[in-house]
Amino acid sequence: MNETIVWTATIGLIVALFAFDFIVVIRRPHVPTFRESVFWSLFYIGIALIFGASMHFWWDDFHAGEYFAGYVTEKSLSVDNLFVFLVIMTRFAVPPKYRPKVLLIGIAIALVLRGLFIWAGAAAIEHFSWTFYIFGAFLVYTAIGLVREDSEDAAHPEYKESALIRGVRKIMPVTDGYRGGHMTVREAGKRMITPLLIVVLALGTTDVLFALDSIPAIFGLTKDPYIVFTANAFALLGLRQLFFLVDGLLQRLVYLHYGLAAILAFIGVKLVLEALHSNSISWLNGGQPFDWAPVISTSTSLIVILATLTIATVASLIATRNKKALVADLEADERGAELQDLGQQHSPQVTDATFGDGDTPKGSQK
């Protein structure tokens, strides 16, 4: 297998899929219907599954199994991202028809940043044998933190602006409201950014915080950087459609954080056991492996992950099946977003807008 050719072809495929999604979003900005969200979510999941199945032919079953275990883990952890994405969208009152656009660009930024994380993680694992101990302990610590959250905190997380976002606000002037689908505009003779760009940066950089959990987690399932990258990439592809598909269900997944905590704890323990089994640290057991430490297979990991997610999801839906207040809250949020969108139609006219959605604002300079 020529690694250069495989990496080039894979990155080309992922970029092409993102570009296709971007063209669709920019050409017709709108709020996706439930049927549309279902179709495209299944489409991207199908591509991810086909890609994994193809590994059986051009690689082997072992690596294909690692890919599927990593993909399921990353996909489940990405659902947790959607909680915060929803908070950010609500916090900035993003008009519904522009949400697909900011989600897609934010996810693209997240994939690039995750690529850097993966490269750094792979380099650390290759050069420092104790990295797995650190990863494992961190995952267990994160799992304990998730368990301590109650269901209300998990379903309604808070968003605090990062240092990057605060820095951007200080450097660039921000308009007092949205300017259609534009991210930068020229007003009063100076270039300004709109809240839409702030939201994009917030989505992309917030995902990095989640990568601190997900990247070590998938390295607990495979040490191959290619599988780590592809599992992350295909998990993020279709995340935009998944947001609109499960938007209403997010408030009902009250036990999801317990399920994710169990998965992270399981992988964390798996990492530590593998580190003990292949120990080479001189001051630990004389630099000799701990023969008693079991090695958990990829197939076992996949079964545990799927079973945990199923139990957490079913338990959540049963526990919230009679909570009509959740539906009322969701409808109220949607009405508020629609009113915000309506208000933007009467915002000040702008000139020389860039990064727009293809339409030229009235009064623009030509």
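The model is predicted, so local features need pLDDT of at least 70, side-chain atom pairs count only at pLDDT 80 or more, and totals for chains, interfaces and linings use all residues. Residues are numbered from 1 along each chain as its sequence is written, and side-chain values use heavy atoms, with hydrogens and water left out.

Start with helix 3, residues 61–91. Helices here are DSSP runs of H or I with at least four residues, while strands are runs of E with at least two, and both are numbered from the N terminus. Helix 3 has 31 residues and reaches 45 Å from its first C-alpha to its last. That is close to the 45 Å expected at 1.5 Å a residue. The expected span is 1.5 Å times one less than the number of residues.

Look at the two ends. At the start, a side-chain oxygen of D60 comes to within 3.1 Å of the backbone nitrogen of F62. After the helix comes A93, with a positive phi near 50°. The charged end of R91 sits over the ring of F92, 5.0 Å from its centre. For this, NZ of Lys or CZ of Arg must be within 6 Å of the ring centre and within 35 degrees of the ring normal.

Now turn to the rings. The whole structure holds 20 aromatic pairs. Rings of Phe, Tyr and Trp (its six-membered ring) pair if their centres lie within 6.5 Å; planes under 30 degrees apart count as stacked, over 60 as edge-to-face and the rest as tilted. F51 is buried at 11% relative accessible area, and Y67 is buried at 0%.

F51 also pairs with Y226: the centres are 6.5 Å apart and the planes are at 45°, so this pair is tilted. Y226 lies in helix 9 (residues 225–236), 175 residues from F51. Y226 is buried too, at 5%. One aromatic cluster includes F51, Y67 and Y226, with W7 and F234 also among its members.

Notes: Polar contact = N/O pair within 3.5 Å; in protein donor to acceptor, adjacent residues only side chain to side chain. Buried < 20%, exposed > 50% of the residue type's maximum accessible area, 1.4 Å probe, protein only.
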